[in-house]
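User: Got a model here that I'd like to talk through. Can you take a look with me?
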Amino acid sequence: MRLKLQVHLPHYITKWFPLAVWRMPDDSKTVYLTFDDGPIPEVTPWVLDLLRKHTIEATFFAVGENVFKYPELFEQILEDGHAVGNHTYHHLQGLKSDNSTYYKDIVEADKLIGSNLFRPPHGWLKRAQYRYLANRYKIVMWDVISCDYNQNITKEEVLKNVLKYARAGSIITFHDSLKAANHLVWVLPRAIAALKAEGYSFSKIEFPKVRRILYSPPFPRMRRLRANLRQLSLWA
Ligand SMILES: [Zn+2]
């Protein structure tokens, strides 16, 4: 069975991963914009400019190899006050990866991103991966996926879907990726304007780091420490 376009997730999918976050508390009229797959120079700075213009804080689920390639963009995201989350190092699909490869990839990304939030690429995990990761990260899914990457639908449909399904507490997923760019640049400003007009405010996703079990083995931390000491001795 092929799932049809799922803009708004049906209830049974959210039950499959009960420890994941699908929607934030809806006690205030707030929505949570999220951006996956960046940062990349072609799209992310444009997103950051737009968010700055509207004083919106959002959440970026970054891909480790992009953070490695464009550290200054990642720094800019943090400097602008946004939250960041881990989206693996190589954008690996859990269902197609063996568990140890998948976890190693996440650890590699963690060294650069350092977040207690994790979003699995393509939104799916094997049960064992889900259980393992839920003990170490807050797994953040979504309530509304914009399908901005989908070239088989029009930009008008993307916008209509976002506005139709957004509600208080919605986690809305966009992509700062090349694949989504041509939809995104048209949809995002309009979605923000319309949601504002409907009285929504915007927030980033944050959770206290209570559940996190430190992943990094002592070795990289020792290496960092030694590097710092070397630096110090240069100045001494
Ligand atoms: Zn992704």
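User: Let's start with L178: is L178 buried, exposed or partly exposed, and why?
Analyst: L178 counts as partly exposed because it has 13 C-beta neighbours inside 10 Å. Buried means 20 or more other C-beta atoms within 10 Å of the residue's own, exposed means 12 or fewer, and partly exposed is in between, with C-beta atoms placed from the backbone. Keep in mind that this is a predicted model: local features need pLDDT of at least 70, side-chain atom pairs count only at pLDDT 80 or more, and totals for chains, interfaces and linings use all residues. Residues are numbered from 1 along each chain as its sequence is written.

User: Where is L178 placed?
Analyst: In helix α8, which covers residues 178-197. Helices (H or I, at least four residues) and strands (E, at least two) are DSSP runs, numbered from the N terminus.

User: And what is L178 in contact with?
Analyst: Leaving aside neighbours within four places in sequence, L178 is in contact with I40, E42 and V43. Contact means C-beta atoms, placed from the backbone, within 7 Å. L178 and G38 are 9.2 Å apart, C-alpha to C-alpha, and 140 residues apart in sequence.

User: Switching topic, how many residues has the largest nonpolar core?
Analyst: It has 54 residues, and A62, I139, V162 and I172 have the most contacts inside it. Such a core is a set of buried Ala, Val, Leu, Ile, Met, Phe, Trp, Tyr and Cys residues joined through C-beta atoms within 7 Å.

User: Which residues does A62 touch?
Analyst: Not counting residues up to four places away in sequence, A62 touches G38, P39, V67, F74, V84, H87 and I113.

Methods:
Contact = placed C-beta atoms within 7 Å.
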